[in-house]
Number of protein chains: 2
Amino acid sequence: MKKTFTFFTAIQLLWLPLLAQEKLSGFKIQNIPLQHDIEQKFDAGLNKENIGATIKELSANPHHLGAKGSKTVAESVLKKFKSYGWDAKIETYYVLFPTPKTRSVELLGSNKYSASLEEKVVKEDLSTAQQGQLPPYNAWSADGDVSAGLVFVNYGLPADYEKLERLGISVKGKIVIAKYGRSWRGTKPKIAYEHGAVGCIIYSDPKDDGFVKGDVYPQGAYKPEFAVQRGSVMDMVIYPGDPLTPGIGSTKDAKRLERGDAKTILKIPVQPISYHDALPLLAALKGQVVPTDWSGGLPVTYHIGDGSTLVRLNLAFNWDIVPAYNVVAKLEGSKFKNQWIIRGNHHDAWVNGAADPVSGLASLLEEAKSIGKLARAGIKPKRTLVYIAWDGEEQSLLGSTEWVEDHADELNSKAVAYINSDGNGRGFLEAGGSHALENFVSEISKDVKDPQVGANIFERWKANKAISTVSLTERKKIQDSQTLDLGALGTGSDYSAFLQHLGIPTLSLGFGGEDEGGEYHTNFDTYDNFVKFKDPDFEYGLALSQTAGRAVLRLANADVLPFNFSNLQAKIATYVTEVSTLAKQLREGAQSQNKLISNGAYQLANDPKENLKNPPVQVELPEFDFKALNLAVDSLKTASSKLNHTITATLASDTKADQLNNLLFQAEKQLLLQAGLPGRPWYRHSIYAPGLYTGYGVKTLPGVREAIEQYHAKEVQEQILVLTTSILKLTQFLNQTNHP
Amino acid sequence: MKKTFTFFTAIQLLWLPLLAQEKLSGFKIQNIPLQHDIEQKFDAGLNKENIGATIKELSANPHHLGAKGSKTVAESVLKKFKSYGWDAKIETYYVLFPTPKTRSVELLGSNKYSASLEEKVVKEDLSTAQQGQLPPYNAWSADGDVSAGLVFVNYGLPADYEKLERLGISVKGKIVIAKYGRSWRGTKPKIAYEHGAVGCIIYSDPKDDGFVKGDVYPQGAYKPEFAVQRGSVMDMVIYPGDPLTPGIGSTKDAKRLERGDAKTILKIPVQPISYHDALPLLAALKGQVVPTDWSGGLPVTYHIGDGSTLVRLNLAFNWDIVPAYNVVAKLEGSKFKNQWIIRGNHHDAWVNGAADPVSGLASLLEEAKSIGKLARAGIKPKRTLVYIAWDGEEQSLLGSTEWVEDHADELNSKAVAYINSDGNGRGFLEAGGSHALENFVSEISKDVKDPQVGANIFERWKANKAISTVSLTERKKIQDSQTLDLGALGTGSDYSAFLQHLGIPTLSLGFGGEDEGGEYHTNFDTYDNFVKFKDPDFEYGLALSQTAGRAVLRLANADVLPFNFSNLQAKIATYVTEVSTLAKQLREGAQSQNKLISNGAYQLANDPKENLKNPPVQVELPEFDFKALNLAVDSLKTASSKLNHTITATLASDTKADQLNNLLFQAEKQLLLQAGLPGRPWYRHSIYAPGLYTGYGVKTLPGVREAIEQYHAKEVQEQILVLTTSILKLTQFLNQTNHP
């Protein structure tokens with residue numbers, strides 16, 4: 001027995017450093033037990049019933065930007081932070097905010113129909129009958145009163161307009177009706193406008209989140225007949241935040257643009273409607289039947305419209321400047337008070353917002369409560385924590401963008417990382433962010449238990465990914481991997497200004513995938529709905545607190561900040577392969593298609609009765625030179641690898657890591673482009689940006705990728721150079737950290 | 001000038017044999033001009049207005065098997081053949097034919113609903129109001145009066161039942177409701193029965209061929225609310241034709257099985273209904289919401305049914321023996337009267353059948369008319385032509401199967417080829433059949449003009465295929481190819497007995513793809529519908545006559561029969577690659593899935609609220625030995641190639657080709673299996689068969705492929721041997737023809 005014991009002990013001693021290090025990146029071995037202890041105590045301070053109570057309290061009434069309810073929520077959040085022992089205050093910005101004055105959508109002619117534009121009360125859920133709700137509308141629509149022929153444009157994607165073009169249909173001078181989904185809503189009226197439309201109606205087709213998907217609320221989670229998705233249609237891929245103060249904080253006295261000069265406000269009127277209101281409009285459309293895959297779930301044959309179906313869209317807004325209340329709470333670091341770990345979730349909602357945003361906010365507050373309790377017990381974070389509840393997120397990140405722009409200098413020198421959430425539900429960890437944090441998130445995901453199945457959230461995520469992967473080779477790769485895929489971030493929540501404007505390392509965390517429904521941005525996003533369909537026992541609320549709280553506490557206490565640039569480098573290498581493959585595919589695709597055109601294949605194949613036009617002759621992109629870019633990516637690999645050795649050595653030694661840390665958290669900023677992206681200087685990150693035509697959807701290596709997608713050969717080569725330079729800048733910066 | 005002229009003349013002389021041979025396989029160079037002349041005269045005798053008039057005449061009244069209208073049509077066709085100078089007669093068989101006595105589908109319980117089971121009159125089309133229509137029903141349903149819980153089974157495919165199994169739902173003792181489409185209708189109740197269901201309702205979902213697809217009749221071509229697809233549900237993948245006389249002709253005195261012993265008659269009651277009648281049934285279903293891709297186009301949330309929705313299905317039939325009138329017309333060959341070129345199309349319809357079958361029959365009759373005129377002018381075919389209008393096709397190939405079985409001996413020695421059609425419409429050539437005829441059909445397709453675009457039908461077919469192919473490599477291959485892909489034949493029309501029972505080389509010809517609609521097997525398949533939506537000017541009727549007529553006349557007059565076994569060999573080689581790849585994929589897929597199961601991945605990933613079961617542990621097929629099979633395929637390659645040289649030499653010489661021809665048209669028979677396919681001895685072709693679970697859909701190399709698909713490892717190896725033997729038999733046979 002003794003011998004065996006000794007044997008195992010020896011083995012354990014041998015493996016311990018490696019095991020421990022794998023388990024807790026960034027910590028010296030002797031500090032790991034303490035951190036584990038802190039996390040255990042942190043967990044003990046979390047309470048899921050309390051998360052539920054917070055959701056109930058903060059979603060009790062409508063609380064949109066500028067509303068009385070929103071101020072009440074901000075003040076309640078402030079009080080909570082203070083009661084948790086944090087140094088909290090409200091920082092107010094003054095932002096433009098259009099609210100509807102006139103809203104009407106009418107079908108003219110013999111089948112006259114006036115859209116109700118109201119969400120009916122569901123008697124089983126009394127929240128839906130409250131006062132003070134914002135009616136359904138799209139913020140940043142233009143004022144306008146237009147009457148024109150109606151044209152159905154499917155989801156209003158660029159590809160849909162290409163199809164219309166081939167069908168010989170123009171939307172010039174027309175009002176378009178588009179389905180919600182497949183792209184960010186704001187790109188729909190933008191693309192319509194670029195094609196000459198004078199108005200835009202957006203509706204939720206029951207095939208996407210209504211009765212076709214499942215039973216509707218309150219029997220099921222899907223969209224009932226009268227529900228309407230509200231939402232911003234700001235052109236936020238140019239810049240988010242207050243349209244009048246791009247790049248600067250919209251303080252009371254900030255210099256503002258004239259409204260007419262603000263590039264992000266739409267040029268045409270836009271109104272969202274329910275599928276109840278959409279039915280008479282769609283039924284009235286004549287002309288060609290839509291392409292097969294354009295049909296929705298309403299019981300009519302969908303037609304594109306021949307221009308004879310006249311619709312009047314009449315919208316006017318109050319263009320007020322309103323206060324946006326960001327609630328900012330600080331807990332000063334015991335050792336590095338000028339290194340900030342920032343954690344945020346917005347507090348404003350379109351209506352009650354139980355899921356969006358309150359479910360995420362409640363987890364954030366629960367973290368703050370538990371951390372506050374630890375601090376009172378003397379367990380303070382080494383770095384300063386900044387917890388923020390944002391206002392005006394729904395109108396396109398107003399509160400967060402203005403705050404970041406206002407505090408840019410301070411953030412540039414102090415912000416180590418920003419951790420965002422924006423609602424939460426039952427399901428799988430959905431994590432996105434800066435890839436230098438990919439290993440870091442993977443580690444955390446192995447330390448948090450999934451509340452439903454008991455395994456850790458990494459194992460559950462991995463099982464789900466393996467099962468849903470068709471390719472057996474890919475599936476095997478997933479099963480063999482110990483890394484959780486971190487998604488790249490586009491936009492759509494409060495991280496944008498941090499990541500894409502300032503280059504601050506960012507994480508976005510939340511659970512979901514088993515909480516599907518149709519309540520998003522409707523007055524059905526209520527507490528009753530939430531406890532029935534989203535996260536009935538608030539277990540995933542607890543899991544989010546555990547996950548995000550660990551991210552905060554590990555970043556706060558790490559001996560060496562847990563960035564791993566080899567992860568980032570690997571992703572960049574993948575993206576470079578993607579864009580070079582894309583260029584090749586588009587080139588060969590264009591060559592092949594142009595040959596079909598010149599051979600007359602379309603004329604031969606098309607149904608002569610349909611008068612389908614040829615697709616346009618496509619630019620055949622030249623072969624681009626990716627050599628220098630690939631060399632830059634290689635050099636980053638060497639530098640990252642060396643840096644990882646330096647980090648390992650530092651952790652194993654008694655050396656102080658201050659200088660290393662200072663450099664580490666500044667590294668991602670090296671990827672910022674001084675001039676920003678083409679046509680949108682506010683977006684400066686060379687690796688991540690929202691897509692010009694996808695909105696929320698990310699485009700990685702955006703300068704190069706979008707130039708390729710838009711067939712701008714000259715810009716592609718320019719942007720390859722810009723990207724190469726940016727990557728080399730990071731390489732040099734990391735090489736510098738190798739000799740601290 | 002002179003020099004140039006000489007130069008070109010020399011080149012022309014040099015190339016002429018090659019060019020000519022490419023243009024007209026099977027003809028000695030000196031006979032090609034004559035054949036071209038015959039074809040020109042044949043074309044001149046065709047008249048599209050006459051085709052239209054025939055369609056109008058023969059679809060004027062309902063004319064199903066056993067009806068007065070059917071006898072009228074048969075007699076009218078007989079008269080036409082005779083008036084064209086053919087030796088025609090009616091050959092009558094006596095076949096079992098169930099017609100409905102009692103039909104009722106009722107929703108029981110509080111939402112009581114009694115299905116109308118009637119197709120309403122469309123006032124714009126008076127044919128829909130005629131007397132003598134067969135009401136909507138499925139022939140070969142069992143008699144039965146069952147009441148049971150209703151379960152929605154999507155399309156009723158094997159994969160749908162696998163999904164139900166995972167959802168924990170059994171259809172044992174239940175009545176299932178399945179959508180038409182995705183599989184042959186007869187497999188739906190068969191699979192339901194195999195899973196323990198006691199009844200089956202089939203309906204046409206508007207998403208498949210109703211208002212979701214386009215405007216409904218009479219505004220558009222798609223299925224109106226009350227339309228119902230009739231059709232046979234005989235288990236014809238066991239054997240088609242009269243269930244009481246498998247393998248023999250059902251002459252008056254034929255020995256018949258007891259009805260209860262006939263394996264192809266369904267064991268449970270089956271009834272087709274309209275989407276109007278389906279709506280209340282589907283709306284009444286409770287329990288789980290269907291998987292996302294199971295939803296149809298009706299305006300309800302589709303549920304699977306929890307057993308509480310009770311339905312009564314009460315069906316009874318008259319099981320009469322009725323006469324089936326095959327109209328058989330002969331034109332004796334001037335040289336080889338014992339070599340028959342057979343051409344057929346059925347004449348019976350479910351109701352009026354303007355498209356199915358009359359549009360194809362009218363083209364056939366037009367060919368017979370023109371050929372008759374040629375014969376009267378002294379231009380007789382060298383081989384005997386047999387033109388046949390079949391009866392009882394709709395009840396599962398009764399007329400053709402009984403005739404072929406009855407004449408099997410004569411056909412075995414005389415039938416050179418069978419050319420089938422079964423309706424026709426606007427669009428592209430759709431050709432299927434024996435691959436030794438692939439080049440032959442390609443040549444014809446280059447000699448017939450598409451009536452809409454002017455180019456030949458091969459060019460149009462090719463352009464369409466190129467455009468609809470996504471893979472650029474595949475697309476390039478198509479653009480470079482001079483061969484029209486001949487599809488492999490499963491079943492569903494009158495060729496089955498010829499091809500799959502007797503091994504007679506077969507072609508199936510027709511145009512379509514621009515004639516989509518929902519009239520199939522309804523009382524809306526009328527002349528009015530046809531001229532509005534199918535082939536308004538009968539141009540494609542003319543094109544079919546030109547195509548099929550050329551096939552007949554070239555086969556009839558060829559010096560050497562135009563079979564090219566290199567084409568067949570290439571296809572077989574492709575199929576062998578397919579099945580070996582399939583075996584590998586299934587093996588690896590099973591291994592990967594079994595690993596997911598044993599690792600508990602499904603338990604981890606599945607939504608615990610859904611109680612989704614693991615998929616079953618799958619048999620991991622062993623590695624099969626395809627070596628001998630591949631060698632056999634190689635030997636066939638050598639033999640085919642040698643044979644082609646022999647043919648070329650024969651055509652270039654003055655040698656008589658009689659012996660070569662005798663062998664050539666017997667070659668495909670060598671691929672017949674003495675014992676037939678496993679479990680269905682009637683089907684004897686080792687290369688082509690209808691799928692056991694796809695019905696009409698073909699399975700190539702059926703013995704091997706289906707054993708793999710059903711994970712019967714032992715049977716796979718056995719069937720590889722059987723197939724190898726069969727291919728070697730053909731090889732030996734062809735080798736024999738190399739030395740005529």
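Which strand of chain B holds B:Asn314? B:Asn314 lies in strand E9 (residues 310-331) of chain B.

This is a predicted model, in which local features need pLDDT of at least 70, side-chain atom pairs count only at pLDDT 80 or more, and totals for chains, interfaces and linings use all residues. Residues are numbered from 1 along each chain as its sequence is written, chains are lettered from A and ligands numbered from 1 in the order in which they are written, and side-chain values use heavy atoms, with hydrogens and water left out.

**View 1. B:Asn314 in strand E9 of chain B.** Helices (H or I, at least four residues) and strands (E, at least two) are DSSP runs, numbered from the N terminus. B:Asn314 has 16% relative accessibility, so B:Asn314 counts as buried. Buried means under 20% relative accessible area, exposed over 50%, and partly exposed in between (1.4 Å probe, protein chains only). B:Asn314 touches B:Thr102, B:Arg103, B:Ser104, B:Gly144 and B:Asp145, leaving aside residues up to four places away in sequence. Contact here means heavy atoms within 4.5 Å.

**View 2. B:Tyr137 and its surroundings.** B:Tyr137 sits in the loop between E2 and E3 of chain B. Its relative accessible area is 0%, so B:Tyr137 is buried. The touching residues, not counting those up to four places away in sequence, include B:Phe97, B:Pro98, B:Arg230, B:Phe317 and B:Trp350. B:Gln271 is also one of them. The C-alpha atoms of B:Tyr137 and B:Gln271 are 5.6 Å apart, although 134 residues separate the two along the chain.

**View 3. Aromatic rings.** Rings of Phe, Tyr and Trp (its six-membered ring) pair if their centres lie within 6.5 Å; planes under 30 degrees apart count as stacked, over 60 as edge-to-face and the rest as tilted. By this rule there are 46 aromatic pairs over all chains. In one of them, the ring centres of B:Tyr137 and B:Trp350 are 5.8 Å apart and the planes stand at 85°, so the pair is edge-to-face. This pair links distant parts of the chain, with its two residues 213 residues apart. B:Trp350 belongs to the loop between strand E10 (336-346) and helix H9 (354-376) of chain B. Both B:Tyr137 and B:Trp350 are buried. In chain A, one aromatic cluster is formed by A:Tyr137, A:Trp140, A:Phe317, A:Trp319 and A:Trp350.

**View 4. Charges over rings in chain B.** A charge sits over a ring if NZ of Lys or CZ of Arg is within 6 Å of the ring centre and within 35 degrees of the ring normal. The charged end of B:Lys446 sits over the ring of B:Phe458, 4.7 Å from its centre. The charged end of B:Arg680 sits over the ring of B:Tyr683, at 5.5 Å from its centre.

**View 5. B:Ser496 in helix H15 (residues 496-501) of chain B.** B:Ser496 has 0% relative accessibility, so B:Ser496 counts as buried. B:Ser496 touches B:Leu397, B:Gly490, B:Thr491, B:His501, B:Trp682 and B:Tyr683, with residues up to four places away in sequence not counted.

**View 6. Helices H3 and H9 of chain A.** Two packed helices are described by the angle between their axes and the distance between the axes. Axes are lines fitted to C-alpha atoms, for helices over the stretch in contact, and angles run from 0 to 180 degrees between N-to-C directions. Helix H3 (residues 48-58) and helix H9 (residues 354-376) of chain A pack at an angle of about 135°, with axes 9 Å apart. H3(A) and H9(A) are therefore oblique to each other. Angles under 35 degrees count as roughly parallel, over 145 as roughly antiparallel, 65 to 115 as roughly perpendicular and the rest as oblique. Contacting residues include A:Asn50, A:Ile51 and A:Leu58 of H3(A), and A:Val358, A:Leu361 and A:Lys369 of H9(A).

**View 7. Helices H13 and H14 of chain B.** The axes of helix H13 (residues 457-468) and helix H14 (residues 472-480) of chain B come within 8 Å and cross at roughly 170°. H13(B) and H14(B) are therefore roughly antiparallel to each other. The contact is made by B:Lys462, B:Lys465, B:Ala466 and B:Ile467 of H13(B) with B:Arg475, B:Ile478 and B:Gln479 of H14(B).

**View 8. Backbone details.** Most residues other than glycine have a negative phi, and most peptide bonds are trans. A:Tyr217 and A:Pro218 are joined by a cis peptide bond, with omega about 10°. A:Pro218 is in the loop between helix H7 (206-209) and strand E7 (231-232) of chain A. The bond from B:Asp356 to B:Pro357 is cis, with omega near 15°, and B:Pro357 lies in helix H9 of chain B. B:Leu701 is a residue other than glycine with a positive phi, near 45°. B:Leu701 is found in the loop between strand E16 (695-700) and helix H22 (702-709) of chain B.
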